[in-house]
Amino acid sequence: MSGIKPVEELELTDDFIFCRIMKKEDICKELLERLLKIKIEKIEYPKLQKEISPYYKSKGVSLDVYVKDSNRIFDIEMQNGRHEDFAKRTRYYQSMIDIDNLMKGDGYRELKESFIIFITTFDPFGMNLPVYTFKNQCQENSSLLLQDKAVKCFYNATAYEKEPNVEIRKFLEYILNHKPTDDFTKELDRRVNDLKADNDYMEEYMIEAISLYDARNDGFTLGEKQGLALGEKRGISIGILQKSIDAAKKLLSTGLSKEQIASCLDLSIEKVEELAKEEKNS
């Protein structure tokens with residue numbers, strides 16, 4: 001289908017591949033240790049591509065890779081396209097991460113140190129720096145930090161040659177050129193190729209790609225009353241539910257079984273059967 005990137009062209013910088021590779025604890029752990037120069041004993045995944053939506057009505061966020069250890073939280077985002085609201089997105093992500101933690105009943109004192117990490121294939125601030133690190137700082141005295149334990153880091157692959165740290169430089173070079181030059185990037189590259197050769201993952205990729213393609217071209221709609229009721233019951237956002245319904249309609253003509261479509265798109269088999277009848281009668 002036009003507009004969907006062919007499997008053979010997928011790289012680590014593609015969202016689907018990046019999220020699946022980072023689901024491997026050893027790779028995710030080593031990447032964080034390399035980028036942040038810290039030691040992590042063990043990380044856990046609350047939920048990959050975690051959607052954080054407050055109890056009150058507001059815009060939720062979907063995080064690419066959301067992991068934590070005993071006293072820190074990490075959100076890792078792979079960013080290919082430039083957005084005008086780039087900086088403000090990090091502000092909103094930070095607020096949602098904090099709300100997500102406070103919902104568990106913790107007080108302000110219990111908020112964990114958080115790192116929002118953007119890996120970009122472009123220069124987000126136009127100053128040709130390989131790394132941009134932001135912490136809240138007093139304007140009247142630059143040596144005084146707010147100590148709110150909130151850090152935002154941007155890694156600019158286009159300036160990899162200027163990065164003095166070899167491990168970071170090799171990683172950013174791989175992000176930009178897709179050519180491994182050290183043991184870690186060779187392992188990344190091997191896992192990317194293994195993933196592309198896995199039929200189950202590639203079937204999942206096509207389903208997700210069709211869903212996103214339809215969403216971009218057709219936009220979000222409110223969907224059917226029954227679909228909305230199902231979404232509210234299961235706590236699924238309207239946009240995500242409608243994308244699943246649109247993707248299911250497309251996939252019904254591909255030969256996949258109703259059970260496979262229901263499983264991959266997190267829809268009930270009854271809903272898929274209902275959609276099949278509607279498509280047949282249309």
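C138 counts as partly exposed, with a relative accessibility of 22%, whereas C19, at 0% relative accessibility, counts as buried. The model is a predicted one, and a search of the whole structure finds 0 disulfides.

**The loop between β5 and β6**
- M127 has its place in the loop between β5 (113–120) and β6 (131–134), and M127 is exposed because its relative accessible area of 59% lies over the 50% cut-off.
- Together with F125, L129 and F134, M127 makes a nonpolar surface patch of about 360 Å².
- N128 also lies in the loop between β5 and β6, and at 37% relative accessibility N128 counts as partly exposed.
- The phi of N128 is positive, near 60°, although N128 is a residue other than glycine.
- Most residues other than glycine have a negative phi.

**The loop between β6 and β7**
- Q147 is found in the loop between β6 and β7 (150–156), where it counts as exposed at 62% relative accessibility.
- Q147, which is not a glycine, has a positive phi of about 60°.

**Helix α3**
- Helix α3 covers residues 86–102, and its 17 residues should span 24 Å at 1.5 Å a residue, which agrees with the 25 Å between its end C-alpha atoms.
- The buried residues of α3 include F86, R89, T90, Y93, Q94, M96, I97, D100 and N101.
- An α-helix has 3.6 residues a turn, so residues three or four places apart point the same way.

Terms used: Residues are numbered from 1 along each chain as its sequence is written. This is a predicted model: local features need pLDDT of at least 70, side-chain atom pairs count only at pLDDT 80 or more; totals for chains, interfaces and linings use all residues. Side-chain values use heavy atoms; hydrogens and water are left out. Patches are made of residues with over 30% relative accessible area and no salt bridge: like charges are joined within 9 Å, nonpolar side chains (Val, Leu, Ile, Met, Phe, Trp, Tyr) within 5 Å. Accessible areas come from the Shrake-Rupley method with a 1.4 Å probe; for residues, only the protein chains shown count as cover. A salt bridge is a side-chain nitrogen of Lys or Arg within 4 Å of a carboxyl oxygen of Asp or Glu. Helices (H or I, at least four residues) and strands (E, at least two) are DSSP runs, numbered from the N terminus. Buried means under 20% relative accessible area, exposed over 50%, partly exposed in between (1.4 Å probe, protein chains only). A disulfide is a pair of cysteine sulfur atoms within 2.5 Å. The expected span of a helix is 1.5 Å times one less than its number of residues.
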